[in-house]
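Subject: Handover of a structure and the findings

Dear colleague,

Please find the sequence and the structure below. A written account of what was found follows directly after them.

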Amino acid sequence: MGRFRRALFGAAFLALSFAALPDLAAAQEWSSSRPDGHAPLGVMGDHTHEKGEVMLSYRFMPMRMEGNLVGADHVEAADVLRAFPVTPLKMPMSMHMFGVMVAPADRLTLVGMVPVLDGSMDHVTRTGARFTTGVAGLGDVKVTGLVSLFNADRRAMHMNLGVSLPTGALDKTDVTPASAPGAAVLPYPMQPGSGTVDLMPGATYLGQTSDWSWGVQGLATIRLGENERDYRLGHRGHGTGWIARRLSDWVSASARLNGSAWGDVHGADAALNPNMVPTADPDLRGGRRLDAGFGINFEVAHGTLAGQRLAFEFITPVWQDLDGPQLATDWALAVGWQYAFRAWGDNP
C-alpha cells in the first residue's frame with residue numbers, strides 16, 4: 001500500500017497546487033460549452049452537466065505492449081526464458097467504451113461506462129515455438145456520481161464517487177502448447193474482469209481563461225475482498241494534469257501528463273502455474289508509469305449538429321518501472337465521439 005498512498009498524496013498535492021493559482025479570468029462560471037471545455041479524451045469523469053442534460057459517448061482505445069521490463073530496464077526474451085519456459089513478446093489490445101452521462105440535478109451528474117475488450121498476446125517458448133492467445137468480451141461496468149463542489153470565477157471542482165462492478169469474465173481460456181489439444185485458463189492480464197467490486201474515489205479541479213483551460217484529477221481504485229478464483233488485482237492510483245489551448249470556436253489542442261501506480265496481485269488463481277510464464281506470477285504484476293498525451297478536440301457549436309464532438313489523444317510512456325519481467329506499454333490511442341443535448345427542462 002506504500003506506493004498506492006504516495007500516488008494518492010501526489011495527486012492531492014497537485015490538485016491543491018492548481019487550486020492555489022491566482023485568478024486569471026473574469027468572475028463567471030467555468031463552461032464545458034467550448035472546444036476545450038472537455039478534458040483530453042483519455043480522461044474520464046472530467047466534467048459535470050446542468051440539470052436535464054445528457055451526453056452519449058463512444059471511445060475506441062487501441063494500445064500496444066511490447067518487450068519486457070524488469071524495473072526500468074529492458075530485458076531480451078532470451079533472458080526471460082532462462083527463468084521461465086515461456087515469455088510474452090507483445091500484446092495488442094483494443095477497448096470499445098460506451099458511455100452515458102445524465103444530470104438529474106445541477107450538482108449531480110451520473111456516469112455509466114461499459115467497456116468491451118478485444119486483445120491477443122504473442123509468446124515464444126524455450127524451444128523457439130511461437131503461439132498466440134486471444135480474448136474478447138465485456139469488461140467491468142463502471143458507475144460514477146460526479147458531485148459538484150463549486151463553479152465560480154471560471155473554476156470548478158467536483159468529487160468523483162465511483163464503483164466498478166464485476167461484470168467481466170475471470171475464466172477466459174485458449175489453447176497453448178502445454179494444454180493442446182485442450183484449452184487453459186489465461187493469465188491475469190488477459191482476463192477482461194477483476195472479479196471484485198471496486199471503489200473509485202477521486203476529485204477533479206478545472207480552470208479556464210478566455211483561450212486556455214487546465215485541469216487536474218486524482219483517482220484511486222480500491223479492490224474489495226477476493227474474487228471467486230481466490231485473488232484480487234492490486235489497488236491502483238493515478239493523478240493527471242492537462243492544459244489546452246482554444247485555437248478557434250470549434251477546435252482546441254491539449255497536452256497532458258499522467259502518473260499511475262498499481263500493486264501486485266494478492267492471492268492466486270489455482271489454475272495458473274506461476275513458474276510457467278511471467279504473466280501467471282501474481283508477484284510480477286505491479287508497476288509505475290508516467291505517460292505524456294497529446295490531443296485535439298473538435299466541437300460543433302451551432303446548427304443541426306450542435307453538441308457533437310470528435311476528439312483524439314495519443315499517449316506515449318515517458319518512464320516505466322515494472323515488477324517484471326513484465327510487458328512494457330509502447331503506445332495508446334483514444335478516438336471518440338460525444339454528443340450532449342438537453343433531454344428535459346428549459347433551454348438556457
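The largest pocket is lined by 26 residues, and those nearest its centre are Ser32, Ser33, His49, Glu50 and Glu53. A pocket here is found on a 1 Å grid over the protein atoms alone, as an open set of points with protein on both sides within 12 Å along at least five of seven lines, and a lining residue has an atom within 4 Å of a point. This is a predicted model, in which local features need pLDDT of at least 70 and side-chain atom pairs count only at pLDDT 80 or more, while totals for chains, interfaces and linings use all residues. Residues are numbered from 1 along each chain as its sequence is written, and side-chain values use heavy atoms, with hydrogens and water left out.

Pockets

The volume of the largest pocket is about 740 Å³, a volume being the space filled by probe spheres set on the grid points, which are joined across faces, edges and corners. Strand 17 (308-342) gives the most to this lining, with four residues, and strand 6 (141-152) also supplies at least two. Strands are DSSP runs of E with at least two residues, numbered from the N terminus. By class, the lining of the largest pocket has eight nonpolar, ten polar and eight charged residues. In this scheme Ala, Val, Leu, Ile, Met, Phe, Trp, Tyr, Cys and Pro count as nonpolar, Asp, Glu, Lys and Arg as charged, and the others, Gly among them, as polar.

The second largest pocket holds about 350 Å³ of space. Of its 20 lining residues, Thr176, Ala184, Val185, Met276 and Val277 are the closest to its centre. Its lining divides into 13 nonpolar, seven polar and no charged residues.

Cavities

The whole structure has four cavities of 30 Å³ or more, a cavity being a set of grid points where a 1.4 Å probe fits but cannot get out. In the second largest cavity there is about 90 Å³ of space. Its lining includes Met44, Asp46, His47, Arg59, Met113 and Gln338. Strand 1 (53-71) and strand 4 (108-125) are the elements that give two or more residues to this lining, and the largest share, three residues, comes from strand 1.

Strand 13 (residues 236-246) and strand 14 (residues 251-262) run antiparallel and are joined by eleven bridges; two strands pair if DSSP finds at least two bridges between them. They form a hairpin with four residues between them, and arginine 236 stands opposite tryptophan 262 in strand 14. Strand 14 is also joined by twelve bridges to strand 16 (residues 287-299), again antiparallel, with serine 254 opposite glycine 295.

Aromatic pairs

There are seven aromatic pairs in the whole structure. Rings of Phe, Tyr and Trp (its six-membered ring) pair if their centres lie within 6.5 Å, and planes under 30 degrees apart count as stacked, over 60 as edge-to-face and the rest as tilted. One of the pairs, tryptophan 250 with phenylalanine 298, is stacked, at 5.7 Å centre to centre and 25° between the planes. Tryptophan 250 lies in the loop between strand 13 and strand 14 and phenylalanine 298 in strand 16, so this pair ties together parts that are 48 residues apart in sequence. Trp250, Phe298 and Phe312 form one aromatic cluster.

Yours sincerely
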